[in-house]
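Subject: Structure handover

Hello,

Here is the structure for you to look over. My notes on two parts of it follow below.

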Amino acid sequence: MAGVVERRSIDVVPDGERHGNAFSQFTLWLGANLQITAVVTGALAVVFGATAFWALAGLLLGNLAGGAVMALHSAQGPRLGLPQMITSRAQFGVRGAVVPLALVIVMYIGFFASGSVLAGQAVGELTHLGATPGIIIFAAVTAFAAAVGYRLIHALGRIAGLVCAVAFVYLGIRLVGRADIGALLHDRGFGLPVFLLAVSLAASWQLAFGPYVADYSRYLPRHTSARATFWWTLSGSVLGAQWSMTFGALAAAAAPGAFVGHEVSYIVGLGGTGLIASVLYFVIAFGKLTINILNTYGGFMSLVTSVSGFRGQRTLSPRARSAYIFGIMVAGTAVALLGKDSFLTSFKDFLLFLLTFFTPWSAINLADYYLISKERYDIPALSDPAGRYGSWNVKALAAYLIGVLAQLPFLATAFYTGPLVAPLGGADISWLVGLVVPGVLYWAVTHRDTARLPDGPADGTPDATAPEARATPAG
């Protein structure tokens, strides 16, 4: 077991421990997206008013746009050998990075909770124990797998991708046999607000992976092509998400009364009864396991990064690692149990809420990595508040805050609607504003700050990555 359990946390992965190839990103992200929560996300586009045809078009556009941003983050992993969020210290400062990190942790807990609600229903039906025990059992299994770490996560992703793909092909055939898909797609009534809602739902789904996507590419060999990492990540994530969301949108359009509020039972009932139903309940729970492990593991990484920014800690004992993961599990399970009865509406608002805070982070991180730092970071300085990145980068934090505030006039949620939403016909374009404004602003105020740029080649092997960063393995 010692060779399987991951030893590293937020420290850089040395070249001698790297392995695999870029195709592993395709299998992981395909498996992570072929699951019930993505189905529900696709259904939301129809539930809130889009016709099936325009819902599918909007979802595809959002998956491609958000997936491209997400895959650009993934390409950072092999080059740096670091978890995603620790690189935020290069933009916000060693301690200033705690601002986006705190929001990322909220995101992981929220997605852990939403996944546990749906998977818990499946586990409850499979074990005949009910939803609440099902949620608790599922959460405990998730935490154990997250504690094992990187290798198990990728192995489960490969298996889940295959198992869930077979299940979705079968369910798709059953749906086509029950519903008149041609008639559903023939309705071409277009409404800009609900079309943009579909785009935003899919884009937010993809962008929400951004804060942890490099966690799962950081063990790839340093010479792995950034282009290959980008395209395999993008193709796996977009294919899996669009496949699931298409099924959800068509299911919601075909039988809105039967699907909404009864997502798990509807899908299982569509497949059949008896043994087939049991298999489908298992597939739903297993499909959610992969993504919930990612959320738990990402939450653990972000929490360690937050604490270490103030304590200077870069390595963890196995006991400390387990404690962090257990804390994420408990918080996520509590939210799941409290919110399980109002899941659908809460989840839609949660997705759009996330989008408001993570598009500015993505814009700043990508502008810094690709345009300003030119893929070079002083890795030891990422742990030194007195180093070149400083403790708090006020310019970056101000750009981030302005990026969040700039979205508010264009934001449309159940609890807040901005003043410019009505003139746009009710359309929510806040995420576009959140990508452009902070990215441009951050570049404008920092691109002349050459003191932040390390010396050395732009191939990911600056001198600063060598001795100190590789000195002490975690655990």
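Predicted model: local features only at pLDDT ≥ 70, side-chain atom pairs only at ≥ 80, totals over all residues.

Start with helices α8 and α13. α8 covers residues 150–178, and α13 covers residues 263–271. Their axes come within 9 Å and cross at roughly 80°. That angle falls in the 65 to 115 range, so α8 and α13 are roughly perpendicular to each other. On the α8 side, the contact is made by Tyr170, Leu171, Arg174, Leu175 and Arg178. They meet Tyr266, Ile267, Gly269, Leu270 and Gly271 of α13. By class, this contact has six nonpolar, two polar and two charged residues.

Next, helix α7. It runs over residues 131–148, 18 residues in total. From first C-alpha to last it reaches 26 Å, close to the 26 Å expected at 1.5 Å a residue. Its buried residues are Gly134, Ile135, Phe138, Ala139, Thr142, Ala143, Ala145, Ala146, Ala147 and Val148. Gly149 follows α7, and the phi of Gly149 is positive, near 105°.

Is Thr142 buried or exposed? Its relative accessibility is 0%, so Thr142 counts as buried. What does Thr142 contact, leaving aside neighbours within four places in sequence? The partners are Phe112, Leu289, Asn292, Ile293 and Thr296.

Best regards

How values were computed: Residues numbered from 1 in each chain as written. Heavy atoms only, no water. Helix = DSSP H or I, 4+ residues; strand = E, 2+ residues; numbered from the N terminus. Expected span 1.5 Å × (residues − 1). Buried < 20%, exposed > 50% of the residue type's maximum accessible area, 1.4 Å probe, protein only. Contact = heavy atoms within 4.5 Å. Axes fitted to C-alpha atoms, helices over the stretch in contact; angles between N-to-C directions. Parallel < 35°, antiparallel > 145°, perpendicular 65-115°, else oblique. Nonpolar A, V, L, I, M, F, W, Y, C, P; charged D, E, K, R; others polar.
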